[in-house]
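Me: Please take a careful look at one part of this structure for me, and lead me to it slowly, as I am new here.

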2 protein chains.
Amino acid sequence: DMWQNPEGAPKNLASDAIINLDHGDPTMYVPFWKSIGDKCTVVFKGYESLSYFSNPKNPCWFLEPKLEESIKRLHGAVGNAVTDGYSIVVGTGSSQLLQAVLYAVTSHDQANPINVVSAAPYYSSYPEIMDLVKSGLYKWGGDAHGFDKDEPYVELVTSPNNPNGVIRGAVVNRGGILVHDLAYYWPQYTPITSSLDFDVMLFTASKCTGHAGSRIGWALVKDQEVAKKMTKYMEVTTIGVSKESQLRVAKILQVVADGCKRFGSPDGDNFFEFGQKMMAKRWEILRETVKKTQMFTLPKFALQHCTYFGELTQAYPAFAWIKCKEGIEDCEKLFRGHKILTRSGRRFGSDPAFVRGSSLYIMRQHSGWSFISAGAPRNKGL
Amino acid sequence: DMWQNPEGAPKNLASDAIINLDHGDPTMYVPFWKSIGDKCTVVFKGYESLSYFSNPKNPCWFLEPKLEESIKRLHGAVGNAVTDGYSIVVGTGSSQLLQAVLYAVTSHDQANPINVVSAAPYYSSYPEIMDLVKSGLYKWGGDAHGFDKDEPYVELVTSPNNPNGVIRGAVVNRGGILVHDLAYYWPQYTPITSSLDFDVMLFTASKCTGHAGSRIGWALVKDQEVAKKMTKYMEVTTIGVSKESQLRVAKILQVVADGCKRFGSPDGDNFFEFGQKMMAKRWEILRETVKKTQMFTLPKFALQHCTYFGELTQAYPAFAWIKCKEGIEDCEKLFRGHKILTRSGRRFGSDPAFVRGSSLYIMRQHSGWSFISAGAPRNKGL
């Protein structure tokens with residue numbers, strides 16, 4: 001049972017096994033976390049962390065001070081985002097924070113819900129999140145390229161982009177509110193080219209260190225009033241965020257920050273070096289396979305100077321945005337015929353000649369193709 | 001600084017100190033959890049719980065099997081709710097589960113949002129939760145006693161009730177959907193008179209064991225399709241629930257279940273005995289004080305046979321619903337004048353002659369009155 005070995009797929013895959021590349025589950029990072037021993041071990045005694053409160057002096061009263069400190073240290077060490085002058089809001093994953101932002105930047109006095117747009121191909125969960133409870137504050141407005149209304153709007157800028165790994169900027173540019181979803185702006189996935197300082201920036205432990213089960217996201221927010229309203233949203237919807245998760249992720253981010261300035265260390269305790277090497281290997285095999293099949297194309301990424309690694313590096317996105325060659329209209333169906341589950345380009349507001357496959361998974365030989373396979377047997381909207 | 005000693009208020013309170021009884025924070029249980037030593041200690045290594053998934057065989061795929069087992073064992077041991085034939089859905093506190101239920105029992109095809117009602121005095125957070133994002137699926141419909149519309153509705157039945165500790169049933173009784181919020185249906189707060197088997201029952205670790213910082217709630221749901229839609233809500237809003245919190249609470253509930261069948265043990269490892277004794281002491285002093293002041297009245301509760309303790313017991317609610325005597329119209333203002341923060345009856349859809357004070361806090365002599373004081377210095381909507 002593949003599920004029993006989440007960190008490694010079985011050695012021999014049955015010829016009728018279904019390979020699920022539909023979603024990403026970052027268990028591929030488990031070997032790194034095993035290799036570093038007890039440095040990240042956290043212990044909770046029965047009497048600890050009972051209170052609702054973490055820091056009453058902070059407007060985000062449920063944010064653990066240790067997590068706040070680790071987040072600042074890590075961004076400082078990596079150089080991917082500015083934290084000076086920003087408020088930090090913690091969330092149950094970055095999905096909850098995205099909803100909190102929308103609550104914070106809209107008003108109950110609005111006559112109509114504000115449009116929330118994102119350039120196609122966009123993260124397939126955005127439309128679902130926006131329209132889940134038919135909010136009167138906001139609604140999904142579709143592909144930002146097609147948004148031509150002369151009214152307030154929110155644009156979600158996902159960079160690097162899910163599904164295609166591209167570095168992006170805003171496309172509407174008519175003074176709307178921008179929310180930058182930077183889940184993948186870490187050195188294992190993409191060259192870090194500058195320390196970003198957008199108004200609202202969302203990050204998540206799931207993609208940074210692989211600790212998806214902890215459900216910890218954070219927002220860096222320039223406007224204190226927006227941060228306060230986001231905090232209010234968390235207070236009403238979930239009365240804060242798990243303290244155990246916050247304290248564990250605080251420890252993990254601290255260990256990553258400590259190790260990440262040592263390059264080429266024989267101890268191998270630089271998480272981003274490990275991650276980049278693994279992603280590079282996966283992309284190498286993926287590109288070789290795609291080349292052999294002659295049926296697909298993959299995005300190409302220019303070498304760029306990465307300020308973190310201090311050298312020219314390549315992007316290795318967590319997902320492969322695969323395009324079928326001319327004549328095949330439904331790429332997802334083609335894969336399904338080979339017992340490989342992917343997510344159709346349609347789901348991303350794009351062309352069915354595309355699919356998104358997860359590259360966070362373990363490589364396997366299958367159907368004559370060597371692809372990157374999944375451990376999880378079910379379809380999730382991740 | 002009171003905040004530095006969350007489990008015990010300072011020995012000497014300054015005469016100008018503000019006592020905050022506005023909200024409840026269950027740190028009063030800390031001494032019990034200290035007394036039981038390492039039995040509840042949990043350890044997380046860096047490589048554990050990375051995956052999004054907990055149990056792909058369960059429709060609630062993010063529910064840790066150990067938590068599911070502990071929940072069933074504890075309800076079985078206490079005898080307060082039936083779990084056979086129920087689906088269990090875990091949430092980030094019971095607030096999130098309440099929102100999930102409303103999503104699950106409504107439809108995107110509805111022309112208008114369904115009314116959600118609850119009998120006054122009702123939990124002051126309900127209106128805020130319902131109307132937070134102006135959902136088109138549901139809206140706050142106010143006091144259930146005044147609901148006379150001939151249309152579908154949801155009635156929230158809080159029992160024991162927050163703020164007044166009363167055991168309640170539905171009041172509208174016209175075939176609406178019932179959601180039972182049973183956060184306080186545990187032996188330290190109220191006599192357990194039967195094992196409940198309502199369609200949807202909500203519980204939370206915050207009130208059961210005092211682990212509010214973990215943000216773990218659970219729903220017992222009779223209809224599998226409702227449980228599936230609730231799971232979907234969790235999936236879209238937060239992609240599941242913290243694994244660390246789930247695994248820690250699983251351990252804590254297991255220890256409580258193990259100890260709770262030993263009565264009068266010299267080890268003092270029965271959490272509910274400890275809790276009831278503490279609540280009884282607080283209520284004794286509160287009643288004495290109120291009697292002395294001659295200015296207030298408190299609710300009275302009949303002795304009832306508690307199936308858990310096997311004897312006649314008294315209710316000791318987590319909150320005191322205090323009424324000013326004739327002639328004083330604004331009870332909250334009166335308390336505020338004495339530097340004691342309470343929550344006005346108005347906030348509960350009731351009379352300003354009432355206030356709710358927390359009895360989860362530590363008793364202090366203040367303003368000539370001996371009251372139950374708070375450690376937390378800020379006002380929260382708890």
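Reply: A salt bridge is a side-chain nitrogen of Lys or Arg within 4 Å of a carboxyl oxygen of Asp or Glu. This is a predicted model, where local features need pLDDT of at least 70 and side-chain atom pairs pLDDT 80 or more, while totals for chains, interfaces and linings use all residues. Residues are numbered from 1 along each chain as written, chains are lettered from A and ligands numbered from 1 in written order, and side-chain values use heavy atoms without hydrogens or water.

Within chain A, D258(A) forms such a bridge with R73(A), and their closest N and O atoms lie 2.4 Å apart. This pair links distant parts of the chain, since D258(A) belongs to helix α7 and R73(A) to helix α2 (residues 65-78), with 185 residues separating the two; helices (H or I, at least four residues) and strands (E, at least two) are DSSP runs numbered from the N terminus. Over all chains, the structure holds 23 salt bridges.

The part to look at closely is the interface of the two chains, where the count between chain A and chain B is six salt bridges. In one bridge between the chains, D38(B) pairs with K45(A), the closest N and O atoms being 3.1 Å apart. Several elements give two or more residues to the side of chain A that touches chain B, among them α1 (30-35), β2 (42-44), α4 (126-131) and α7 (243-259) of chain A. The element that gives the most to that side is α6(A), with six residues. Taken by class, the side of chain A that touches chain B has 30 nonpolar, 29 polar and 19 charged residues, where Ala, Val, Leu, Ile, Met, Phe, Trp, Tyr, Cys and Pro count as nonpolar, Asp, Glu, Lys and Arg as charged, and the others, Gly among them, as polar.

Both chains bring 78 residues to the contact (heavy atoms within 4.5 Å). Between them, chain A and chain B bury about 6600 Å², with 59% of it on carbon and sulfur atoms; buried area is the accessible area (1.4 Å probe) lost on being put together, summed over both parts. On the side of chain A, the residues that lose the most area to chain B are L50(A), Y52(A) and L132(A), which together make up 12% of what that side buries.

Helix α6 of chain A (residues 224-238) packs against helix α3 of chain B (residues 93-105) at an angle of about 80 degrees, and their axes are 6 Å apart; axes are lines fitted to C-alpha atoms, for helices over the stretch in contact, with angles from 0 to 180 degrees between N-to-C directions. From α6(A), V236(A), T237(A) and T238(A) meet S95(B), Q96(B) and Q99(B) of α3(B). By class, this contact of α6(A) with α3(B) has one nonpolar, five polar and no charged residues.

Some details of the backbone in chain A complete the picture. A cis peptide bond joins S159(A) and P160(A), with omega about -5 degrees, and another cis bond, with omega about 25 degrees, joins N162(A) and P163(A). P160(A) sits in the loop between β6 (153-158) and β7 (177-181) of chain A, and P163(A) is also placed in the loop between β6 and β7. R215(A), found in the loop between α5 and β9 (216-221) of chain A, has a phi near 55 degrees, a positive value in a residue other than glycine.

Conventions
Buried area = accessible area lost by both parts, 1.4 Å probe.
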